[in-house]
Amino acid sequence: MFATVLSLLVAVGAAVPTQAGQAGPASPHPGRPSAVLRDCGAMMGQTVKVERGTARVTAATTVPATGTDAALCELSGTISPSIHFTLRLPTEAWNGRYFQTGCGGFCGAVPIASCGQALSRGFAVAAEDTGHVGGSGDGTWALNNRPGEIDFGYRSPHVTAQAGKALTKRFYGTQPAYSYFQGCSTGGRQALSEAQRYPHDFDGIVAGAPALYQNYLATLSQGYLETVNRRSDGTVILTQAKARVLSAAVLARCDGKDGRLDGVVTNPDRCTVDPAVVKCASGTDEPTCLTGEQVRVARAFYAPPVDSRGRTVYPAGLARGSEAGWPGYSIGTDTALSGGGNYAQEVLRYLAFRSDPGLTYNLFDFDPARDAKKLDYMARIYNADNTNLQPFERAGGKLMIYHGWADPLITPGGTVDYVRDVMARAGGHAQTKGFMRLFLLPGVYHCTGGPGEDTVDWLTDIQQWVEKGKAPKRVIATKRAADGSVTSTRVVREYVPTAR
């Protein structure tokens with residue numbers, strides 16, 4: 001279940017122009033085929049210098065066209081010390097653009113398949129594994145491995161961009177005219193990290209459900225949801241079944257306020273249902289109601305997490321309308337932690353602290369009142385929470401941020417908190433709307449799924465903004481059946497957080 005919960009399910013989207021000030025030979029006209037100047041085999045063994053390392057192509061494979069898939073040259077390689085990457089280069093009709101995607105959870109594999117949409121539109125596309133091989137829910141790779149933690153924290157997507165664009169230029173004889181990045185979850189954090197740390201890497205960036213407060217998110221939000229829902233004997237208080245009871249109660253009061261009865265809370269900001277509306281009669285515990293103890297936990301899920309002294313340790317709790325997604329993501333069983341709880345425990349064992357405690361440490365050893373300050377050192381490596389985006393703006397970059405409003409794993413409240421702080425630092429929405437936009441998707445879980453419309457063509461939207469100056473005031477979200485047909489559509493307008 002954990003791997004499923006944390007998998008990266010990103011619908012890849014549009015491209016963006018290279019940053020101002022980048023030099024190089026004339027770019028191909030976007031949209032027109034560009035002649036291939038080197039054959040694929042000639043790329044084998046090619047090396048590129050990157051920041052604090054070297055990228056080397058270790059495999060070059062010509063892939064012939066099949067059905068609707070165009071022919072391409074696939075390059076696989078390594079970036080020292082241990083990053084693996086894949087670059088796919090169309091051999092018949094490159095559109096003059098470069099696209100790179102992020103990964104999910106702890107990564108550990110190269111998610112090149114997430115680049116399918118961009119590749120089908122003629123982009124050169126790339127992906128990387130953040131410097132280690134393993135499951136997306138396995139943090140053991142980070143034990144006493146500071147170089148690996150730095151690669152996971154911020155270096156890997158940057159040096160992959162350096163290598164990917166240099167190899168693209170070497171293959172076609174000209175540099176990409178526009179460069180784009182899109183990722184969700186950890187990939188969303190990578191997206192924001194790129195905008196903050198390396199503002200000249202990409203012209204257009206799409207950051208989905210970003211784990212931007214990484215070292216605090218896992219321990220003080222996801223870990224908190226797990227521990228606040230456990231009795232001293234380890235049993236679950238608010239069960240998965242009771243979460244569904246609460247979901248029905250919330251929908252009964254907040255669904256349909258936009259004229260559509262579709263199982264979606266359109267605006268959680270205006271939904272203030274108290275879990276006590278389904279509280280059982282005193283002393284009883286029935287399948288259709290919540291006990292007083294379960295009401296207390298549900299209220300804690302909605303509120304910003306606090307420590308034992310009542311101090312807020314994370315900016316937001318989960319949103320109303322997300323309850324049906326709590327089972328698995330945020331509520332485990334008597335014998336198994338939830339996906340978020342497992343992730344938090346792995347972070348605490350292998351990533352959170354300056355010195356790793358390892359396997360003997362468990363989630364319940366962590367005391368926020370005592371230990372929260374110990375998270376700050378590694379947060380400087382992992383977190384993507386720098387609110388100064390002026391260098392990215394000056395470089396001409398455009399940033400689209402999105403989050404499912406019903407996300408039960410990474411609360412959208414943290415993303416709203418970040419955008420609010422960026423706006424406050426810049427002087428308000430009028431100063432940020434030229435380079436940053438936020439969209440909250442009603443009824444959508446973590447990156448995808450949920451009752452809401454979860455598919456948006458982010459690539460086209462960011463490309464239109466970067467290349468044609470058409471700022472996205474709204475996006476069109478769709479829900480699709482297994483066969484790909486559209487079953488419902490929703491217009492989602494830009495969300496502008498209110499000032500504190």
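As the model is predicted, local features need pLDDT of at least 70 and side-chain atom pairs count only at pLDDT 80 or more, while totals for chains, interfaces and linings use all residues.

Confidence comes first. The protein averages a pLDDT (the predictor's confidence in each residue, from 0 to 100) of 92, and 92% of the residues score at least 70. Residues 1-37 are another story, with pLDDT below 50. Even so, this stretch has 132 contacts (heavy atoms within 4.5 Å) in the model beyond near neighbours in sequence. Where pLDDT is low, the predicted coordinates should not be read in detail.

On to the cysteines. With a disulfide taken as a pair of cysteine sulfur atoms within 2.5 Å, the count comes to 5. Counting bonded cysteines along the chain, the pattern reads 1-2, 3-4, 5-10, 6-7, 8-9. Cysteine 115 sits this out: it is in no disulfide, and the nearest cysteine sulfur, that of cysteine 103, is 11 Å away. Cysteine 115 is also buried (under 20% relative accessible area, against over 50% for exposed and in between for partly exposed, with a 1.4 Å probe and protein chains only), at 1% relative accessibility.

One of the disulfides joins cysteine 40 to cysteine 73, with an S to S distance of 2.0 Å. Its torsion about the S-S bond is about 75°, so the link between cysteine 40 and cysteine 73 is right-handed. Cysteine 40 is in the loop between helix 1 (2-6) and strand 1 (47-50), whereas cysteine 73 is in strand 3, so this pair ties together parts that are 33 residues apart in sequence. Helices (H or I, at least four residues) and strands (E, at least two) are DSSP runs, numbered from the N terminus. Both ends are tucked away: cysteine 40 is buried at a relative accessible area of 6%, and cysteine 73 is buried at 0%.

Another disulfide connects cysteine 184 and cysteine 447, S to S 2.1 Å. This one is left-handed, with -105° about the S-S bond. Cysteine 184 belongs to strand 7 (residues 178-184) and cysteine 447 to the loop between strand 10 and strand 11, which puts the partners 263 residues apart in distant parts of the chain. Cysteine 184 and cysteine 447 are both buried.

Cysteine 254 and cysteine 271 are also joined, again with an S to S distance of 2.1 Å. Here the S-S torsion is 85° and the link is right-handed. Cysteine 254 is in helix 6 (residues 240-254) and cysteine 271 in the loop between helix 6 and helix 7 (292-302), so the bond ties together parts 17 residues apart in sequence. Cysteine 254 counts as buried at 5% relative accessibility, and cysteine 271 is buried too, at 3%.

Next, the charged side chains. A salt bridge here is a side-chain nitrogen of Lys or Arg within 4 Å of a carboxyl oxygen of Asp or Glu, and a search of the whole structure turns up 24 of them. In one of these, glutamate 74 meets arginine 88 at 2.6 Å, N to O. Glutamate 74 is in strand 3 (residues 72-79) and arginine 88 in strand 4 (residues 83-90), 14 residues apart. Both partners are partly exposed, with glutamate 74 at 21% relative accessible area and arginine 88 at 22%.

There is also a salt-bridge network, which links Asp258, Arg260, Asp262, Glu453 and Arg490. Within this group, arginine 490 pairs with glutamate 453, the closest N and O atoms being 2.8 Å apart. Arginine 490 lies in strand 13 (residues 486-493) and glutamate 453 in the loop between strand 10 (436-441) and strand 11 (455-456), so the contact ties together parts 37 residues apart in sequence. Aspartate 262 is partly exposed at 26%, and arginine 260 is partly exposed at 27%.

Conventions:
Residues are numbered from 1 along each chain as its sequence is written. Side-chain values use heavy atoms; hydrogens and water are left out.
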